[in-house]
Amino acid sequence: MEKLKKIFSPLLLLIFILIPFCGYSDALRTGKDIPAEFSPANIKSFIGYLVDNGEYYRAHTELMRLKSYYPDYISPLCYNVTENYLYYKSGRYSDITDSRACAEKGTAGCGCEIDIFRIDGFLKSGDYKGGEMPGSLLRSDCVSSEYAEYFEKRRHYYTILNGFYNNSSFGDYINSEYSDSYNYAETLSGERKSPFLGAFAGIIPGMGYVYAGDAGTGIVSFILISAGAAITWGAHINDVQPLAAVSGTATFFFYGGSIAGGYMETVKYNRGLAEKLVLRLDRDFMLEKDIDDIYLKCGISSDVR
């Protein structure tokens with residue numbers, strides 16, 4: 001009897017759980033007796049509430065629920081704008097830039113608004129370092145649309161970042177509307193340093209760090225390597241070979257680290273310049289404000305927004 005209870009008790013519990021769910025599924029299918037908390041209006045309102053409170057991952061889960069239960073309750077554009085906004089706010093840029101995303105959801109909801117999200121996801125993920133921005137993201141029908149200013153700003157933003165990484169001249173843009181941004185980028189670009197020169201300078205102990213702007217580490221490195229070399233030489237001429245071997249090995253690794261450190265510190269220095277540039281561009285172009293405006297216009301928002 002006890003064995004039967006152990007077998008059937010979990011089954012009975014599962015049945016009691018599934019019965020309400022089956023009833024709810026039937027309600028969804030027939031459109032009758034849907035619990036108020038699961039109505040499309042309430043789910044939509046809850047999504048807006050979660051967005052207002054910065055709970056983007058949870059909001060995306062609720063968006064999937066709304067799309068699954070009520071596929072036609074919101075337009076494809078509203079759904080796609082909301083989904084891309086949630087991806088953007090939660091830092092899931094690769095989900096935005098996936099070129100297959102719109103094809104899978106249908107072209108009806110993939111207007112110029114979605115292209116703006118894709119451009120920003122493309123910029124945030126750092127893909128501008130490699131080459132030209134995909135032409136599909138700057139198609140003529142969007143560039144001449146009501147979002148023309150948004151696209152123009154992003155073209156300049158991309159040109160500045162790509163030019164900075166590729167040491168391009170900004171001569172053709174200095175007199176543009178965003179001349180201050182171009183001048184700032186050109187100034188920072190002139191401050192960039194060569195990682196290979198940093199490594200080469202490291203041949204003189206610590207000088208790679210000094211070249212990269214970290215004089216303190218460079219001085220410490222020079223002292224340690226010089227002291228190690230002196231100890232190694234002293235041990236060798238005094239025929240203390242064990243000490244010479246240990247000290248020589250340690251000094252060799254420190255010396256190699258000095259060369260590699262000069263390279264890596266220069267890379268770090270250039271990365272710092274790039275971060276300064278991005279902060280300045282974000283302030284000048286305010287791309288995120290455009291994203292917020294598109295969401296408020298086309299996406300799901302709560303009553304308080």
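The crossing of helix α9 and helix α15 is left-handed in this predicted model. Helix α9 spans residues 148–165 and helix α15 spans residues 287–298, and the two pack at an angle of about 150 degrees, with their axes 11 Å apart. Because angles over 145 degrees count as roughly antiparallel, α9 is described as roughly antiparallel to α15. On the α9 side the contact is made by Y150, K153, R154 and Y157, while α15 contributes L287, D290, I291, D293 and I294. Sorted by class, the residues of this contact comprise 5 nonpolar and 4 charged, with no polar residue among them.

Most residues other than glycine have a negative phi. The phi of M286, however, is near 50 degrees, a positive value in a residue other than glycine. With a relative accessibility of 45%, M286 counts as partly exposed, because that class lies between the buried limit of 20% and the exposed limit of 50%.

A second helix pair can be read in the same terms. Two packed helices are described by the angle between their axes and the distance between the axes. For helix α4 (residues 76–89) and helix α7 (residues 112–124), the axes come within 10 Å and cross at roughly 15 degrees. Since angles under 35 degrees count as roughly parallel, this makes α4 roughly parallel to α7. The crossing of α4 and α7 is left-handed. Here the contact is made by L77, N80, V81, N84, Y85 and Y88 of α4, together with E113, I114, F117, D120 and K124 of α7. By class, the contact of α4 with α7 has 6 nonpolar, 2 polar and 3 charged residues.

These two pairs belong to a protein chain that has 15 helices and 0 strands. Of its 305 residues, 36% are buried. Among contacts between residues at least 6 apart in sequence, 64% join residues that are at least 24 apart.

Confidence along the chain should be kept in view when the model is examined. The protein chain averages a pLDDT of 77, and 75% of the residues score at least 70. Over residues 2–21, by contrast, the pLDDT is below 50, and this stretch has 1 contact in the model beyond near neighbours in sequence.

Technical notes: Residues are numbered from 1 along each chain as its sequence is written. This is a predicted model: local features need pLDDT of at least 70, side-chain atom pairs count only at pLDDT 80 or more; totals for chains, interfaces and linings use all residues. Side-chain values use heavy atoms; hydrogens and water are left out. Axes are lines fitted to C-alpha atoms, for helices over the stretch in contact, and angles run from 0 to 180 degrees between N-to-C directions. Helices (H or I, at least four residues) and strands (E, at least two) are DSSP runs, numbered from the N terminus. Angles under 35 degrees count as roughly parallel, over 145 as roughly antiparallel, 65 to 115 as roughly perpendicular and the rest as oblique. A crossing is left-handed if the near helix is turned anticlockwise from the far one by less than a right angle, and right-handed if clockwise. Contact means heavy atoms within 4.5 Å. Ala, Val, Leu, Ile, Met, Phe, Trp, Tyr, Cys and Pro count as nonpolar, Asp, Glu, Lys and Arg as charged, and the others, Gly among them, as polar. pLDDT is the predictor's confidence in each residue, from 0 to 100. Buried means under 20% relative accessible area, exposed over 50%, partly exposed in between (1.4 Å probe, protein chains only).
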